[in-house]
Amino acid sequence: MTDLPARRLLLVHAHPDDESINNGATMARYAAEGALVTLVTCTLGEEGEVIPPGLAHLAPDREDRLGPHRVGELAAAMAELGVTDHRFLGGAGRFRDSGMMGVAQNERPGAFWSTPVDEAAAPLVEIVREVRPQVLVTYDPDGGYGHPDHIQAHRVAMRAAELAADPAHRPELGPAHAVAKIYWNRVPRPVAEAGFARLAAEGSAFPADAALGDVPGVVDEDRITAEIDGGPLGSGGSYADRKSAAMAAHATQVAVDGPFFALSNDLGQPLFTTEYYELVHGTPGAPAGTRETDLFAGLPAAEEAPREVTGR
Ligand SMILES: [Zn+2]
């Protein structure tokens, strides 16, 4: 394992686009600093709605070719972020998008939501033992906002971290590895409120605005333990700029308008250039009452000086 970079970050997400919306600035930063950034996406997002009218034929109720199209969108987004290690859980198409909670697709054979957690966790255990991340990022137990695939991604990620650390669990999947720190994606309520206030004041290209309740992972400020500042949008080369470009690469799912964006519901919402996290496993690397500004803070094995940041 000596050929692995010193710092290794694993992110587990439900659909293509979730990674860019939640963690795009963070991923761009660590990739630029020479860390190994591994993205595992659990489904192809086959049940998504399609924004561009010219691509509406891809939709699941028509040609059902949205999944393969989104594989290409994800690749383009990762190119924007400088992330080269992106994988689909169990291989592309192994688990299918389950649709929104309560629809018939939830129980469809092969749907991610209807797959037993340990079955879906097995290929992730193998990845954890291969890339040996110090840091894992995923959703909270509600999946941030209740989507079945997001809830399942949380369960699978947490279970895989547990199983990967157990030397007695399936040694054929690789030598045991314990993830040092696990974070859940968060947005502090005051930050979300300020974002919607700006949206209301400035307006956007979208016909109406979303509500704060539409933003996944919003919690009170005191739950936040780490923040990664992507810098200003529009500065020409900030991590926030890369995040914005990565989100726009998911063109069937996301429309970006400066500091705002919309999903297929065409409701404007703030694009957060700083990303926030809650440490739920491991030791904080910042004094009590302060926030970490590095997800690897406090990890001796990962504290070597990062490589010089390269422009692009
Ligand atoms: Zn999603």
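Tutor: H3 passes H4 in a right-handed crossing, the near helix being turned clockwise from the far one by less than a right angle. This is a predicted model, where local features need pLDDT of at least 70 and side-chain atom pairs count only at pLDDT 80 or more, while totals for chains, interfaces and linings use all residues. Residues are numbered from 1 along each chain as its sequence is written, and side-chain values use heavy atoms, without hydrogens and water.

Student: Why are H3 and H4 called oblique to each other?

Tutor: H3 (residues 117-131) and H4 pack at about 55°, axes 8 Å apart. Angles under 35 degrees are roughly parallel, over 145 roughly antiparallel, 65 to 115 roughly perpendicular, and the rest oblique. H3 and H4 are therefore oblique.

Student: What makes H1 oblique to H6?

Tutor: Helix H1 (residues 18-32) and helix H6 (residues 239-249) pack at about 130°, with axes 8 Å apart. That makes H1 oblique to H6.

Student: Which residues of H6 meet H1?

Tutor: Tyr239, Arg242, Lys243, Ala246 and Met247. Contact means heavy atoms within 4.5 Å.

Student: What coordinates the zinc ion?

Tutor: His15 (ND1), Asp18 (OD), Asp18 (OD) and His150 (NE2), at 2.1 to 2.5 Å. Donors are N, O and S atoms within 2.8 Å of the metal (3.2 Å for Na, K and Ca); water is not among the atoms, so sites may look incomplete.

Student: Why is the site of the zinc ion called irregular?

Tutor: Its 4 donor atoms give angles of 55 to 145°. Four donors are tetrahedral if all angles lie between 85 and 135 degrees; four are square planar and six octahedral if opposite donors are over 155 degrees apart and all others between 65 and 115; anything else is irregular. So the site of the zinc ion is irregular.

Note on methods. Axes fitted to C-alpha atoms, helices over the stretch in contact; angles between N-to-C directions. Helix = DSSP H or I, 4+ residues; strand = E, 2+ residues; numbered from the N terminus.
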